[in-house]
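Visitor: Could you take me through one part of this model at close range? I would like to hear what surrounds it and how the neighbouring pieces are arranged.

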Amino acid sequence: MPEGHVIHRLAQVLEATFADTAVRVSSPQGRFSEAAALLDGRQLRSTDVHGKHLLLGFGPEHTVHVHLGLYGRFEVHDRPAEPPRGAVRMRLQTATAHADLRGPARCALVTSDEVAALHDRLGPDPLRDDDPTRFVDRLQRSASAVGRLLMDQTVAAGVGNIYRAEALFRAGINPMTPGREIPTVLAAEIWADLVALMRLGLANGRIDTVRAEHAPQVSGRPPRVDAHGGEVYVYRRAGQPCLICAHEVRTEVVAGRNLFWCPRCQPAADPVPT
DNA sequence: ATCCGATGTCAAT
DNA sequence: TTGACCTCGGATC
């Protein structure tokens with residue numbers, strides 16, 4: 001259940017574990033057997049990540065496109081593989097290591113054209129040093145709520161439900177604010193904060209938006225340690241007191257996911273006087 | 001033992 | 001907007 005930083009980290013681990021050696025590729029579950037046979041014995045030549053999409057390059061026209069979706073997992077172990085338990089879609093293995101992919105939304109051999117189309121479709125990724133002006137432009141050209149736009153992978157690739165809620169909290173922006181009402185400087189600041197937060201998440205291996213550099217001061221209140229392994233201001237804290245102002249954190253489904261915000265720290269803009 | 005929701009996306013409506 | 005995908009950990013009975 002990853003946001004983009006998890007996929008970037010996964011790519012690093014896979015590269016470190018499997019580079020420069022022949023990799024046995026199989027599909028114990030069977031649903032990837034045909035492609036696995038084509039890849040078996042090749043070397044992992046490259047990895048690439050855009051948003052939440054992982055690309056494993058086993059040579060020209062031998063790229064595997066992986067997307068974990070909501071419940072996929074890709075676990076890497078520095079020990080020889082044992083007979084798989086449960087459904088393993090794709091297994092990579094050497095004499096000393098193995099990696100098991102389970103429950104992905106997508107695991108498929110793709111052409112270079114399909115790779116190009118994927119990159120074209122996705123918006124800038126805060127972890128790819130992409131151009132922030134594309135993000136700012138998309139935001140400011142839309143009447144949609146910013147809380148919706150941040151979940152749109154053509155607007156910002158790799159941002160998920162936690163970073164959406166936390167970035168908006170840190171910026172003090174009400175999630176229902178139309179993108180076009182967000183000033184350029186503020187939009188650029190949201191991007192810069194996403195870059196900082198996601199880089200920190202990549203380095204730490206977990207999300208922490210409270211102790212992150214430049215975070216708003218948590219006046220006298222201890223940060224809440226989130227049960228999911230990170231520390232957050234509002235994510236999944238519906239009904240609990242805001243860590244800054246003690247107002248009750250609200251929640252509402254936006255873009256199909258539960259969005260969380262503090263109505264006091266993130267007030268709706270004043271109505272335009274008539 | 002069982003239910004439910006989840007760091008996601010797409011196709012069908 | 002809704003259901004499907006197809007997995008698991010935590011809450012609840």
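Guide: Happy to! A polar contact here is a pair of N or O atoms within 3.5 Å, and within protein one of them must be able to donate a hydrogen and the other to accept it. Please keep in mind that this is a predicted model.

The side chain of Thr47 makes a polar contact with the side chain of Glu15, at 2.4 Å. If we set aside the neighbours within four places in sequence, Thr47 is in contact with Ala11, Glu15, Leu55 and Leu56. For a sense of spacing, take Ala19: 28 residues separate Ala19 and Thr47 along the chain, and their C-alpha atoms are 9.8 Å apart.

Now for the sheet. Four strands form an open sheet in the order E1-E6-E7-E5, and the pairing is antiparallel. Strand E1 (24-26) and strand E5 (73-77) are at the edges with a single partner strand each, so one side of each has no neighbour in the sheet. On average, neighbouring strands of this sheet are turned by 10° against each other, direction ignored.

Ser26 has Arg91 in E6 as its bridge partner. Helix H1 (residues 4-18) packs on the sheet, where H1 touches E5, E6 and strand E7 (98-102). The direction of H1 makes about 35° with that of E5.

Definitions and conventions. Residues numbered from 1 in each chain as written. Chains lettered and ligands numbered in written order. Predicted model: local features only at pLDDT ≥ 70, side-chain atom pairs only at ≥ 80, totals over all residues. Heavy atoms only, no water. Contact = heavy atoms within 4.5 Å. Pairing = 2+ DSSP bridges. Helix = DSSP H or I, 4+ residues; strand = E, 2+ residues; numbered from the N terminus. Axes fitted to C-alpha atoms, helices over the stretch in contact; angles between N-to-C directions.
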